Amino acid sequence: MAETPTSPLEATLAYAEEFHTEDEILHAARQRGVEVGARPILPGGGAALCFLATAINARAVVEIGTGCGVSGLWLLRGMRQDGTLTSVDVEPEHQRLARQSFAQAGFSGGRIRLITGRALDVLPRLSDGGYDLVFCDGAMQEYADYLAESIRLLRVGGIVVFDNALWHNRVADPTQRDPDTVTVRELGKLVRSDERLRPLMMPLGDGILAAVKLSD
């Protein structure tokens, strides 16, 4: 049960998050993720993924961190009907559960390419400029490396997206100096200072950081 908001700001953020609802298939995928410790993206963040994929008519998408399929479902629902999702994860069991979620949602195997492995081993094998959107939700300590790979992978006009960009409300607090918080905070600086990118921070879910690639 969600906690009752204690301030107008908390009430507003809760309203924005609860504006986006999940159907039974997404809810079941979320439950599987929780059970195996694969933290799923929150509904607001998932809705942002779906919106962005729809807005750019995405056909080729890379996902770093398959989990149990929650974010993949949101992405697939926003992509073109002939689009392909390439999703990378180190946990084969998570990907097995994700495939189950995709099948329940009616997405054929031809639309989904699941690759088991470490993202930084897999991404260099993917084509330069061949993708419309890259979603990053893997190992936080590798976020800066994901950014560099994403810029290479994206076409001009493509979008890179990071989950957990506010990291449990810690990123905005300069007194929080744990490694994950510092890494995410530094990622924001990298994205904001890169002249090839036009960034947007969205306070949905645990924070969504997106950026459009303006040039190579």
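Modeller: The model is predicted, so local features need pLDDT of at least 70 and side-chain atom pairs count only at pLDDT 80 or more, while totals for chains, interfaces and linings use all residues. Residues are numbered from 1 along each chain as its sequence is written, and side-chain values use heavy atoms, with hydrogens and water left out.

Colleague: What makes up the secondary structure of the protein chain?

Modeller: The chain has eight helices and seven strands. Helices (H or I, at least four residues) and strands (E, at least two) are DSSP runs, numbered from the N terminus.

Colleague: How do you know that the radius of gyration agrees with a compact globule?

Modeller: The radius is taken over C-alpha atoms, and the globule rule is 2.2 Å times the number of residues to the power 0.38. With 216 residues a compact globule would be near 17 Å; the chain has 16 Å, and therefore it agrees. The C-alpha trace spans about 45 × 40 × 30 Å along its principal axes.

Colleague: Why is Val 62 called buried?

Modeller: Buried means under 20% relative accessible area, exposed over 50%, and partly exposed in between (1.4 Å probe, protein chains only). Val 62 has 0% relative accessibility, so it counts as buried. Val 62 lies in strand S1 (residues 60-64). Buried residues make up 50% of the 216 in the chain.

Colleague: Which residues are in contact with Val 62, leaving aside its neighbours within four places in sequence?

Modeller: Contact means heavy atoms within 4.5 Å. By that rule Val 62 touches Thr 86, Leu 123, Leu 126, Tyr 131, Leu 133, Val 134 and Phe 135.

Colleague: What makes helix H4 mostly covered?

Modeller: H4 (residues 70-78) has eight of its nine residues buried. Among them are Leu 73, Trp 74 and Leu 75.

Colleague: Why is helix H2 called roughly antiparallel to helix H5?

Modeller: Axes are lines fitted to C-alpha atoms, for helices over the stretch in contact, and angles run from 0 to 180 degrees between N-to-C directions. The axes of H2 (residues 24-36) and H5 (residues 92-104) come within 10 Å and cross at roughly 170°. That makes the pair roughly antiparallel, given the cut-offs: under 35 degrees roughly parallel, over 145 roughly antiparallel, 65 to 115 roughly perpendicular, the rest oblique.

Colleague: Which residues make that contact?

Modeller: H2 supplies Ile 25, Ala 29, Arg 32 and Val 36, and H5 supplies His 94, Leu 97, Gln 100, Ser 101 and Gln 104.
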